[in-house]
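Try each task before you read its solution.

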Amino acid sequence: MEIEVKRNSLENFSSLQDTDDDIEEDEDEEPVTLGFVEKPKNPISLLPHFFPSKAGGTPAWLDPVDLPSEKSRTCGICGEPLQFLLQVYAPISDKDSTFHRTLFVFMCPSMACLLQDQHQQWKRRPEKQCRSVKVFRCQLSRSNAYYSSEPPKYDKTDKSSRIGAALCNWCGTWKGEKVCSSCRSARYCSEKHQVMHWRSGHKLACQRISISSQSSESSTSNGRTTSTEMSLAVASNALWPEFEIINEDESEFDTEAPENNDSSSLVPKDQMDDTIESLMENFEGDDDKKSWASFHERIAKAPEQVLRYSQDAKAKPLWPMSSGRPSKADIPKCNYCNGPLCYELQILPQLLYYFGVKNDVDSLDWATITVYTCADSCEASVGYKEEFAWVQLSSPSAMAP
Ligand SMILES: [Zn+2]
Ligand SMILES: [Zn+2]
Ligand SMILES: [Zn+2]
Ligand SMILES: [Zn+2]
């Protein structure tokens, strides 16, 4: 049995896909679910026990304990901790092991790293890839150690998980394995974040904490903490702004002309067109122009989409350009079961607009990020299984090889 859908934002993507099965679709147009960002009406709804899809801020970890290891959570190029981009709650209803299933996407905010990443993604495994974009799949069965097996009721009875790994006080994202040696209270995922926190004020706060906590032994000493402690304010001001991801069927937009007068829209229509036009200027080849035109036409149905999602095995990404696409051999096998990976979602650069990323030459930018996941959503002993991302940059000259 599925968790009952209560609100639009909680509709799981697979259940939307299911309703589409009844409708005869064109051979070449698989049903696609679109994701849009909105400021959450109630930030509580983005907590893990509501199984959110969200962008920016900190991740709502599905498995709150077995978080990604230090090696997998850092940029393969500069070695710094990755930043949370978005997560999509995408359960698969035909297996109990995927009753809850969320995909998490992280990336290094450095464009220099993303340019390097272009060379890495073309390396064929088993050659080691050092990526600046990483995707994790986490899944739980209906009966699990952290959440009620009943759907949330959206009242006071909803409880968050009482246990979870202590997180980094700076980024609020990754496990805080390193402890401040003087207050023994602040925790960090990395030396870098410890330094950032120290400089931004922990230097002063540290002394106060050391004095006040001397009498009471810290409850975080075993590396776990209660949920109230976990929700401690995140010190970093460099995280991307937080949004809820709302989904809609792309077919909903088929009959409507693109709307101009939607007052709830966050992006002024003109500005969105500018973004798209400026991308267009970069293209040189005719194939890219053709590909871009059809990409633009499809996106124009709902220009504010930040995400395209499909659980259909035949679904394909909508490529902005014909160059710089992976061939079958460029998509690796599953790290865990060695089975095939399957395209599942793509992220559009519109998200950067909502994140307030500037349109400068060296600002973070991409044409699309496509995500491939294990076709079988296999089990493995790790809480967060690393999947595969393919990035197409908006400037063909920047692409490898
Ligand atoms: Zn980096
Ligand atoms: Zn950190
Ligand atoms: Zn300290
Ligand atoms: Zn697998």
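Of the 401 residues of the protein chain in this predicted model, 40% count as buried. The secondary structure comes to 7 helices and 12 strands. Among contacts between residues at least 6 apart in sequence, 75% join residues at least 24 apart.

**Exercise 1**

Task: Decide whether Ala-55 is buried or exposed, and find which residues it is in contact with beyond its sequence neighbours.

Solution: 
- Start with the location: Ala-55 belongs to strand E2, which spans residues 54-55.
- Next, count neighbours. Ala-55 has 25 C-beta neighbours inside 10 Å, and the cut-off for a buried residue is 20 or more, so Ala-55 counts as buried.
- Then list its contacts, leaving aside neighbours within four places in sequence: Val-37, Leu-85, Leu-86, Phe-243, Ile-245, Val-306 and Leu-351.
- Glu-242 is 187 residues from Ala-55 in sequence, yet their C-alpha atoms are 5.8 Å apart in space.

**Exercise 2**

Task: Work out where the buried residues of helix H2 lie around its axis, and what they pack against.

Solution: 
- Helix H2 covers residues 111-121, and its buried residues are Met-111, Cys-113, Leu-114, Asp-117 and Gln-121.
- These residues cover an arc of only 140° around the axis, which puts them on the same side of H2.
- As for partners, the buried residues of H2 pack against strand E5 (133-140) and strand E12 (385-392).

**Exercise 3**

Task: Classify the surroundings of Arg-142 and find its contacts beyond the sequence neighbours.

Solution: 
- Arg-142 sits in the loop between E5 and strand E6 (178-179).
- There are 16 other C-beta atoms within 10 Å of Arg-142; a buried residue needs 20 or more and an exposed one has 12 or fewer, so Arg-142 is partly exposed.
- Leaving aside neighbours within four places in sequence, Arg-142 is in contact with Asp-96, Phe-99 and Ser-149.
- Ser-97 is 45 residues away along the chain, and its C-alpha atom is separated from that of Arg-142 by 7.6 Å.

**Exercise 4**

Task: Describe the secondary structure of the stretch that UniProt lists as "domain: MYND-type".

Solution: 
- Take the boundaries from the record: the unreviewed UniProt entry lists residues 168-206 for this domain.
- Over residues 168-206, the chain is 41% helix and 10% strand.

Methods
Residues numbered from 1 in each chain as written. Chains lettered and ligands numbered in written order. Predicted model: local features only at pLDDT ≥ 70, side-chain atom pairs only at ≥ 80, totals over all residues. UniProt positions renumbered as here; feature names shortened; annotations may be inferred. Helix = DSSP H or I, 4+ residues; strand = E, 2+ residues; numbered from the N terminus. Contact = placed C-beta atoms within 7 Å. Arc of directions from axis to C-beta.
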